[in-house]
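This report covers charged side chains and how they pair. The sequence and the structure come first, followed by the account.

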Amino acid sequence: MNFKKTIFTGTVALTIITSMAFAQVKKPASTTTAKAKPAAATPQPKPVLLPIDPALTVGKLANGLTYYIRPNSNPKNLAYIFLVTKAGSVLETDAQQGMAHFVQRMVFDGTKDFSKTDITTFLTKPGAKFNPDVNGNTSYDETIFQLAVPVDTMKVFEKGFNILANIAGYATFDAAETDKEKATILQEIQQPLTQQQNLQKQTYPVLMNNSQYARHMPIGNAEAIKTFTAAAAKGFYHDWYRPDLQAVIVVGDVNPRDVAELIKIYFGPLKNPVPEKPRPQYSVPPSLGTVVKVATDKALNYTAVQIIARHPQTVIKSPADMLQDIRISLFNQMLNSRISETASERNPPFVYAQANYGGFAGRQDAFSALVEAKPGGLEAAVKAITNEIERAKKFGFTVTELERAKQNALQQMGNIYAARDKANSSAFLGQYLQNFTTGAAIPGIDYSYNYYLNNIGKITTTEMLALAGKLITDQNRAIIIAAPEAEKDKQPTEKTLLDWMAEAAKTATPYNDAVNTEPLLATIPAPGKVVSQKDDSTINVTRLVLKNGLKVILKPTKFQNNQVLISGYSFGGTSLASDADFVSANMAAGVISNSGVARLDQSQLNIKLQGKQVNISPYISETVQGISGNSSAVDFETAMQLLYLYFTQPRKDAETWQATMAQTKSMLASRGANPGSVFQDSVTAVMSNRNPRALPATLDQLNAASLDKAYDFYKARFADASNFTFTFVGSFTNEQIIPFIETYLGSLPSNYKKETYRKIGIHPMAGQVTRTIYKGTSDKATVELIFSGAYDYNESANIQLDALEDILNRRLLTRLPEKTSGAYSLIAGINYVKIPESRYKATISFLCAPADVDKLTSDIMDEIGKIKQNGADTTSIKVFAITQSQAIQKQLKQNYFWAGYLASSDQDGDDPDRIIPRIQSLNDVTVESTKATANKFLSGTNLIKLILLPVKEEKK
C-alpha cells in the first residue's frame, strides 16, 4: 500500500518522524562519605563523549557567539551560511504571541548598513526568488536565517556575512515598515485554515499538554499582532538577538581560516545587552495515562488514528547514546517491515499504516503509530495496528529479523560512507544546528561508520525486547482520531477505542519469520554476446547491441559513489490493449511489481532483498513498457537478476490482485466525496475530451477486469527483448558491467518483431472551454488556466518555451505576490512532448478566495497580454539565461539527469550531444522571440478554464 497520509505537519509531523531518535542519558549521582567529619566528595569519572568531526572547525568569539566552519566542495564555488538565534515563540509573553516570527520578517526591512532594497537585491541575485519566510524561519525555540552565497567573488561572499551580522544585531525597525509587515502577517493569519492547520489547532493543546508550546505557536495570535509596535519589536530583538544566543554556520567551498576571520570582523563587534535577560527553558509536562482526542475537518475524506506515546527528549552525546540510537533505528525498521507485510495481504485491515520512534515537538521524543481505516473499518484498523505494536512489546523480534535489519542498516551506512566525498554541503547544516540548539554530538561520518561496524553486532534480541517495552507505553499517551466533520458523531468513545485496543493486545502472538534460504535466481542463464559497440566521446557514452537485438546505452560517471541507475523501455504500452481489456492492462504492471517473482511472494522477496540496495520495478504506460530502478555497485548483480526475473518469471498472485482491486474499489467509493478528486476528475475529463482510457475506471470496468488478462498482457509486453533499449548510468566501468549485461540481458528471449505504440488520440477539448465545479465547503477556490495545441517539437522551440515558462512565472509572482494579492500557490508550467504526438500544454494554477477568482484571472490574462504585446524585458531574459546555464552545468554532474536525458533522447530520436551547445543556444532568446512565442502558444484559441468552488457559491 503506497499511501502516506499526514495528519499533522510542522514539528508534529509524526507520520514522517525522523529515524534519528535519542536515548535518555542519566548522569551518575554524586556521593559523599558518611563520616563524623566532612570529607572530600568522591571524584566521579567524566562521561565519555563522542568526538567532534576533525573536518569541522568549532569556535567561540569573546562575545559568546559560536561558529561552525566545514569546508566541502559540493557544489563548487558555493557556501551556505546560517545565522541561528535561540529565540523562538516560546520566549514570547502572552501579549507578544507572534512576535518572534514578526521580528524574523522585520529584520529584512532594513538594518544600520543596509536598506530593505539593498537586502532584497542581494538575496535575489542572480534571479533567485527571495521570500522572508524562505530565507528566514521561526520555530518554537529558535530562528534561522539562511543564505546561499557564491564564493568565487570575494566581494559578494563577504557581503553575505555583513548582511547576516546586520540582521543579528543592527536591525532598525522602521515604524512605516512595521505597519506594512503587520498588515501582511494579519492578512496571512486571517486566511481560512488549511486542513492540516485546522487539525493542528485542535490537537496541539492535547499533544503539548497546555504548555508554553501549546499556547505560543510560531504563527502567533491576530489580536496580539494588532498591538505590535516598532518599539515592542525592538524590545524583543534587544532581549534575545544577542551573540551569546547566536551561532554562525558556514558549509561550502571555503577556506576555514578566511571564513573565521570574516566572522570575527563582522560578528565580533556585536554586544550582549546589560543586564542580560535569563533565557528560560520550557518543557511539556507529562500527562498520566491516555487522552483521546477527536479532530475533524470538513474536507477530510478518510478516518485515521494516531497513537502517540511521548517521552522526554534525549540527545546523542556519548557512544552509549549512539548504540541506543542504532537500536531504535533497528526497532523502527523491523516493526515497519511487519506492518508492510500485513499491508500486502489479500484483504488488509487498513489502507495505510506505519509506526516510528523519533523526535517530537516541545523538547520531547515520541513513539507514534498511524493507521488509516477503510470506510467503515476503523475498529479493524485500530485492532490490527495495536496487535502489531503489542506483538513487538510482548515478544520482541526474532534473531533472523534482527540480523536482516542489521545487514540493511550496515548497507545504508556503507552507502553513506562510500559517498562521503560527494556529500552536498546542505547535508551538514542540520547536524551543526542540532549541536548548537541541543548539544547533540557531531562525530562525523568516519567515526559513525566505524562505530556501526564495530558495535552493531553486539545488539541482541533481549535488548530489543527491553527497548520495545520502554518505547511502547500507555503513559503520557495521546490518541488522535482524525475524521470528516460530518462523521464526528460516529466516532468511538474513549472507552470503546481503548476496549478495542485492549482486546487486540490480548490476541498478540509471537511473530513467525518464514525465512527462504534459496538463491534469488536458481539457475544463472547462458550469456549472450555484444555484437556491436560504438563510443560517443563527446558525452562519454557507449552504445551496445546484443545478439538478441537488445540495445544498451552506458554512461560511467564519478558523480555519486556506489550508485547505478537502470532504465529500459520498448514501445507499445497500453495503447496496444483493446478497449475491453484496457483496465486489466492498465493494472498489470502495478500488480506484477507487488506480487514477487518466480517462487517468492512479495513478502519473501522483500526479506530476500533486505540488506541490499536494490530497487527494480516494471512499468507500463500508454506508449511504452519497461523496467526502472537503481542499485549500489555492490548489489548490481542482484538487481540484474531481479530484472531478468521480471522478464522471464513474473509472478501471478491472486492475493495481490484481490488486494489491489479491493483498494482501488475502496478509493473509488470515497472519491466522489473528496472535492480535490472531483476537481481532478473534471480536469482529466476536459483534458482528454472524456476519453475512457484517461478517466478513472468505473466499478463495472473494475468488475470486468481479471488477473488472467492482466498477466497475459504483461507477459506479451515483455516477451521480445529485441525491442528494448536499456540505459545504465553511474559508478561502474564498461569492463565491469558488460559481463552482467551479457548474462542477464543478452540471455532474454527475442522474437524480433518490430512493435510500436498506437496513437489513441487523447487530446484536450478544442476551443475556449470553461468548467466550474461546485464541491466541498472550503473557503478557497482552485483555478487552472490551460493553453494547449499541436506543436512542432524541436530544440529551438523547446528553449523558447522554457524561457516563456520562466519569465511568465517571474512576472506573475511579481504582480501577484502571495502575501498581498490573495493568490496562493501560483505557478505556471509549460511542457511539451513528442510521443505519441507532438503537443504542448501551458498551465497556470492558483488558489484564492472564491470572490477573487475573476479579478486574479483577469490580472493573469493582462500580464500574458503584456508579454504578447511587448515581449519580455531584457533583464528577465538575462536572468533566465544565467539560471538556465547554472542549472545545466549542475545537471551535467548528476546521474539522475543523465539517466532521464539519455533515455528520453533515445525515445524521441534526438541527438543526445545537443546538450553541449544548449548553453550557447540560450542566447537565441530575445525580446522579439518571447513576444512571438507568447503570441503563438498563449493565443487563447484553445483556452480551458477550470474552477473549483465551494457548494455555497453555487447558490449565489
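A residue is called buried when its relative accessible area is under 20%, exposed when over 50%, and partly exposed in between. The model described here is predicted. Asp244 counts as partly exposed, at 26% relative accessibility.

The structure holds 40 salt bridges. Side chains of opposite charge can pair when their charged atoms come close.

| Pair | N to O distance |
|---|---|
| Glu755 and Arg717 | 3.1 Å |
| Asp141 and Arg363 | 3.6 Å |

The salt bridge between Asp141 and Arg363 has its closest N and O atoms 3.6 Å apart. Asp141 sits in the loop between β4 (136–138) and β5 (143–150), and Arg363 in the loop between β9 (352–359) and β10 (364–372), so the pair ties together parts that are 222 residues apart in sequence. Asp141 is buried, with a relative accessible area of 11%, whereas Arg363 is partly exposed at 24% relative accessibility.

Glu755 and Arg717 meet through their side chains in a salt bridge of 3.1 Å, N to O. This pair also links distant parts of the chain: Glu755 belongs to the loop between α24 (734–744) and β19 (768–774), while Arg717 belongs to helix α23 (residues 707–717), and the two are 38 residues apart. The relative accessible area of Glu755 is 30%, which makes Glu755 partly exposed. Arg717 is buried, with a relative accessible area of 6%.

**A network**

Salt bridges also join into a network, which links Arg811, Arg815, Lys855, Asp859, Asp862, Glu863 and Lys866.

**A buried lysine without a partner**

Lys182 lies in helix α4 (residues 175–189). Lys182 is buried yet has no salt bridge. How far away is the nearest side chain of opposite charge? That side chain is Asp179, at 4.1 Å. A salt bridge requires the side-chain nitrogen to be within 4 Å of a carboxyl oxygen, so Asp179 does not qualify as a partner at its distance of 4.1 Å.

What the side chain of Lys182 does reach is the backbone oxygen of Lys226, at 3.3 Å. With neighbours within four places in sequence left aside, Lys182 is in contact with Phe102, Ile225, Lys226 and Phe228.

How values were computed. Residues numbered from 1 in each chain as written. Predicted model: local features only at pLDDT ≥ 70, side-chain atom pairs only at ≥ 80, totals over all residues. Heavy atoms only, no water. Helix = DSSP H or I, 4+ residues; strand = E, 2+ residues; numbered from the N terminus. Buried < 20%, exposed > 50% of the residue type's maximum accessible area, 1.4 Å probe, protein only. Lys, Arg positive; Asp, Glu negative; His and termini not counted. Polar contact = N/O pair within 3.5 Å; in protein donor to acceptor, adjacent residues only side chain to side chain. Contact = heavy atoms within 4.5 Å.
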